[in-house]
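Hi everyone, thanks for coming. Let me put today's structure on the screen, and then we'll walk through it together.

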Amino acid sequence: MSGVRVEVPDPENVLGSKIARSVMNLLAVTPARFLSGLDCILVLDSESLSRRERLRLRRRPNDFVLGSYFPRNRRRPPRIEIYSDGLMRSRLASHLSLPAFREVFVARVLFHELGHHVSSMIEPTHASREAVAERWAKKLARQALMARFPTLHPLLGKLMRRGS
């Protein structure tokens with residue numbers, strides 16, 4: 001297991017606890033070099049954030065964010081936040097009750113944010129940040145999901161292509 005902490009600050013966030021379990025399962029099969037320097041992954045309900053923090057996350061009215069990467073700064077090491085309420089608002093939310101499907105959808109978010117970490121800390125690049133994060137997300141999610149669910153190999157391609 002990696003040295004990355006996975007936390008759910010709100011003990012009443014039941015979905016958050018299930019998502020955190022999926023994150024831990026995915027991290028267990030993720031090569032340690034991609035997690036180097038990452039301090040923690042928080043699974044939050046974005047409504048628990050301050051108004052200022054929520055406004056920073058919203059790109060457009062009625063938009064919802066599934067996750068965020070926060071690079072290292074003077075006060076904090078790098079971290080990832082995954083928003084359980086954002087996942088519930090996605091059009092695939094009805095599948096979150098099934099553990100295997102939940103891991104596929106959490107993998108899309110987790111590895112996209114981890115892609116930002118890899119491109120900023122481990123293998124810096126000057127290409128579009130979102131494009132690079134998406135490339136890493138596809139590569140890392142495919143590897144992790146194949147390790148977790150080898151019998152689902154034929155379905156994984158279709159599941160990874162579906163929008164969130």
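Which residues does Val23 touch, not counting residues up to four places away in sequence? They are Val6, Ile41, Ile82, Val106 and Leu110, where contact means heavy atoms within 4.5 Å.

A quick word on the source: this is a predicted model, so local features need pLDDT of at least 70 and side-chain atom pairs count only at pLDDT 80 or more, while totals for chains, interfaces and linings use all residues. Residues are numbered from 1 along each chain as its sequence is written, and side-chain values use heavy atoms, with hydrogens and water left out.

Now the sheet. It is open, with four strands in the order E1-E2-E4-E3 and mixed pairing. Strands here are DSSP runs (E, at least two residues), as are helices (H or I, at least four), numbered from the N terminus; two strands pair if DSSP finds at least two bridges between them. Strand E1 (5–7) and strand E3 (67–70) are at the edges with a single partner strand each, so one side of each has no neighbour in the sheet. E1 and E2 pair in the parallel sense over three bridges. Glu7, for instance, has Leu42 in E2 as its bridge partner.

Helix H1 packs on the sheet, touching E1, E2 and E4.

Back to Val23: together with Ile41, Ile82 and Phe111, Val23 touches the most other members of the largest nonpolar core, which has 38 residues. Such a core is a set of buried (under 20% relative accessible area, 1.4 Å probe, protein chains only) Ala, Val, Leu, Ile, Met, Phe, Trp, Tyr and Cys residues joined through side-chain atoms within 4.5 Å.

Conventions. Buried means under 20% relative accessible area, exposed over 50%, partly exposed in between (1.4 Å probe, protein chains only). Axes are lines fitted to C-alpha atoms, for helices over the stretch in contact, and angles run from 0 to 180 degrees between N-to-C directions.
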